[in-house]
Amino acid sequence: MQLNKNNNISAALSRASLILLAAPIANNANAADINFSQNEYSASAMIYIEENRVRVNEDVIQIKNEISDDEFVTATLIYDVMSGPSPSGAPITPVVQTITTPSGNQKTISAGDEPTYGFLDSRVALLANWAKPLSNDLKITSNASFSSEYDYISSGGGVTFSKETNQKHTTLSSGLALTYDSIKSVGGTPEGLNSLDLKKQKSTEGKTAVDWLFGVTQVVNRHSLMQLNYTLGYSSGYQSDPYKIIAFLDAASKTPVAINPYYYEKRPDTRLSHVLYLKYIHDFSGDVFNAVYRFFKDDWGISSHTLDFRYTFLFKKQRKLQLHARYYNQQRANFYHYALYNSAGTGINNRDVIANSAVGNDSLSAELDFASADHRLGDLETYTIGVKFQTTLSYKETLLDVRFDHFRQQDKSKRFTELRGWIAQIAAKLPF
Amino acid sequence: MGFRNLTSVVQLLQISRKIKKTKKAKKIMKSVTALILFTVFFATTTACTTLKPWERDILAREDMQLTADEMITLMDDQIYYSKEAAHGGPGIGGGGCGCN
């Protein structure tokens with residue numbers, strides 16, 4: 001007991017001296033960037049379950065090591081397994097639908113059911129981060145990432161510079177990141193707006209993305225801190241989802257047309273996005289309030305608002321209880337359609353109507369530039385509530401987190417089944 | 001300093017009302033909105049307290065860091081990236097995925 005007390009005092013004094021020496025302001029550059037002079041092992045296991053849909057098991061191991069004064073290297077290994085049915089993009093209809101799956105099989109969907117494709121995939125990702133002070137008030141953070149799935153490989157890297165000014169009350173950050181993704185989907189990567197039955201396959205497609213970030217972090221007072229980030233993103237290449245389709249329906253019966261009723265979706269080759277991100281953290285004598293507002297807008301017509309609040313109650317023996325609430329509101333992409341129709345009719349938006357003469361065509365390229373029925377590009381809302389419990393174990397002051405989150409997502413027109421998901425996660429951080 | 005910034009915000013709002021809603025004007029409005037947000041941010045922060053190094057004890061706490069709850073953030077970012085069209089904000093880099 002006495003030994004534990006001494007250890008606690010020693011750790012507290014060590015941390016206090018570091019505070020005086022470094023007087024750090026948290027840096028916003030990367031998730032792996034925490035300024036404590038402390039080597040750590042971290043591990044996490046998560047289960048994510050959607051009702052009647054996807055299930056994901058994800059494990060993470062991370063090592064953070066101080067290789068010289070204030071110079072940190074962090075390596076993170078992620079492994080996840082994903083499985084379950086995912087929406088295809090075809091709508092719910094009052095008749096039985098028969099759709100060709102990406103692997104070439106025929107799948108029958110009952111009347112009134114949402115068409116989905118089943119999938120099973122695993123992913124391995126490796127993230128590396130290197131933070132190094134260049135002078136008393138200037139720091140460089142470099143990161144590299146690699147992620148591999150059966151049909152998707154992503155690799156990238158970036159550099160962020162952070163400069164402290166105003167007696168270390170203000171931190172200015174600017175960074176650039178580049179990502180290259182390679183897509184090789186099951187059954188070949190399809191050409192957009194071609195009929196499923198006349199699939200034209202390409203072996204591999206690619207996408208390049210560049211993100212530029214400018215951020216300001218400001219100490220407001222002894223108890224609070226603010227951060228404002230602006231990110232400009234540009235991506236070029238294959239941006240469609242090779243597994244998503246769009247249906248061509250008869251306006252009178254609201255059922256798929258007789259010939260070529262399903263087409264592959266097609267999204268623009270380029271995307272320009274703007275993100276404003278505002279974060280505020282406030283201490284209430286040990287309790288911590290954390291608020292985030294994010295505004296996103298891109299040249300596909302998508303705009304969204306995200307609000308995220310966390311309030312952490314501090315109890316005795318450094319035990320903490322955190323309540324979490326999140327709200328997300330999205331406005332659809334210009335080329336999003338619930339389905340395409342051969343003429344106008346009751347309950348049909350004019351923007352979804354194309355010429356009746358197009359019925360049976362192998363391709364809809366003459367009628368449309370782009371089209372997607374992926375409802376992640378539609379008008380939607382997401383609500384999340386959650387709770388987290390944190391305790392400090394006696395063994396080397398290991399931090400243990402357990403959390404549960406529940407979210408619900410619904411398209412605003414309520415044409416699809418509400419998506420309900422649960423997240424359970426346990427995470428530990430062990431100093432060494 | 002803060003008062004001057006707030007005056008600028010009011011002036012910007014007055015100007016914005018006079019602009020007709022043409023395509024060009026909409027672009028200008030977007031820039032103005034962004035500028036207002038930045039101005040409000042700095043107007044509120046220019047009145048900040050100046051702290052001595054020994055007064056940074058609370059801000060140096062781990063739960064007061066912008067990157068606290070890193071493992072949870074890592075998972076949440078991936079989940080919402082695969083369920084919503086918007087992404088990014090707190091930082092850059094980290095890699096992509098073909099999330100379904």
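In the predicted model, Arg61(B) and Asp283(A) form a salt bridge with an N to O distance of 3.0 Å (a side-chain nitrogen of Lys or Arg within 4 Å of a carboxyl oxygen of Asp or Glu). The count between chain A and chain B is nine salt bridges. On the side of chain A that touches chain B, strand β16 (residues 270-284) gives the most, with nine residues; strands (E, at least two residues) and helices (H or I, at least four) are DSSP runs numbered from the N terminus.

A second salt bridge pairs Asp69(B) with Lys388(A), the closest N and O atoms being 2.4 Å apart. Asp69(B) lies in the loop between α2 (23-45) and α3 (70-83) of chain B and Lys388(A) in strand β21 (residues 380-392) of chain A, so the pair joins two chains. Lys388(A) is buried, at 6% relative accessibility (buried, under 20% relative accessible area; exposed, over 50%; partly exposed, in between; 1.4 Å probe, protein chains only).

In total, 103 residues of chain A are in contact with 54 residues of chain B, contact being heavy atoms within 4.5 Å. The area buried between the chains is about 7,000 Å², with 60% from carbon and sulfur atoms; buried area is the accessible area (1.4 Å probe) that two parts lose on being put together, summed over both.

Within chain A, Asp352(A) forms a salt bridge with Arg351(A) at 3.4 Å. Asp352(A) is buried, at 4%, whereas Arg351(A) is partly exposed, at 26%.

Residues are numbered from 1 along each chain as its sequence is written, and chains are lettered from A and ligands numbered from 1 in the order in which they are written. Local features need pLDDT of at least 70, side-chain atom pairs count only at pLDDT 80 or more, and totals for chains, interfaces and linings use all residues, while side-chain values use heavy atoms, with hydrogens and water left out.
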